[in-house]
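Please keep the sequence and the structure in view while reading.

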Amino acid sequence: MIFIGLGGNLTCLTFGAPRATCGAALQIMEQRGIKVIERSRWYESAPVPVSDQPWYVNGVVSVDTTLNPAALVTEVLDIEAELGRRRTVANAPRTIDLDVIAHGDTVIEADHKHKHEVAIPHPRMHTRAFVLLPMREIAPDWRHPASDRHIDALIAELPADQECRPMADGPGLYGTEWAG
């Protein structure tokens with residue numbers, strides 16, 4: 001299975017609040033041939049690392065695509081830019097964040113020496129409640145392809161200071177009132 005994590009904590013000028021922007025990202029993925037198979041509930045989570053910026057809206061989807069991992073990463077970065085994401089400093093607030101969390105059993109190490117930045121599975125996904133909790137909803141038997149650790153074992157080892165809780169969900173697959 002292929003998983004993409006979504007999140008945001010700033011209002012997008014075009015689509016509005018973070019949850020609506022996440023819903024718009026899902027619809028844009030569909031328009032670009034990335035078929036959303038299943039979506040977790042939306043979650044609200046405190047920033048990681050802890051800061052005074054606004055809380056995030058997060059979710060995880062499973063998708064079907066013919067894109068290889070590198071091409072999928074390129075595509076989601078393009079969708080981020082379309083939705084107003086401007087990369088400035090690490091962990092900055094953002095309108096949208098799309099991460100390829102896992103791409104089947106594929107394991108790719110980033111190679112900064114050769115400018116190969118793609119890392120699959122996402123290198124910090126196993127330490128993030130806002131990824132693992134929604135992901136468990138749609139893939140309760142998932143195992144990390146590199147460590148072979150079950151998702152429940154990864155959740156049990158999450159840092160205690162991460163705040164993440166389900167939100168009341170909106171209608172339909174996109175979970176938002178935004179309809180394009």
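How many bridges join S1 to S4, and do these strands run parallel or antiparallel? The two strands run antiparallel, and 7 bridges join them.

## Basis of the report

The model is predicted: local features need pLDDT of at least 70, side-chain atom pairs count only at pLDDT 80 or more, and totals for chains, interfaces and linings use all residues. Residues are numbered from 1 along each chain as its sequence is written, and side-chain values use heavy atoms, with hydrogens and water left out.

Helices (H or I, at least four residues) and strands (E, at least two) are DSSP runs, numbered from the N terminus. Two strands pair if DSSP finds at least two bridges between them.

Buried means under 20% relative accessible area, exposed over 50%, and partly exposed in between (1.4 Å probe, protein chains only).

## Helix H2

Helix H2 has 14 residues (69–82) and reaches 20 Å from its first C-alpha to its last, close to the 20 Å expected at 1.5 Å a residue. The expected span is 1.5 Å times one less than the number of residues. At the start of H2, a side-chain oxygen of Asn68 lies within 3.1 Å of the backbone nitrogen of Ala70. Just after the helix, Gly84 takes a positive phi of about 90°.

Which residues of H2 are buried? They are Pro69, Leu72, Val73, Val76, Ile79 and Glu80. Seen down the axis of H2, they fall within an arc of 120° and so line one face of the helix; the arc is that of the directions from the helix axis to the C-beta atoms. These buried residues pack against strand S1 (2–8), helix H1 (18–31) and strand S5 (97–103).

## Arg94

Arg94 is placed in the loop between H2 and S5. This residue is buried, with a relative accessible area of 12%. Leaving aside neighbours within four places in sequence, Arg94 is in contact (heavy atoms within 4.5 Å) with Gly8, Asn9, Leu10, Tyr56 and Arg85.

The side chain of Arg94 also makes a polar contact with the side chain of Asp97, at 3.2 Å. A polar contact is a pair of N or O atoms within 3.5 Å; within protein, one must be able to donate a hydrogen and the other to accept it, and residues adjacent in sequence count only if both atoms are side-chain atoms.
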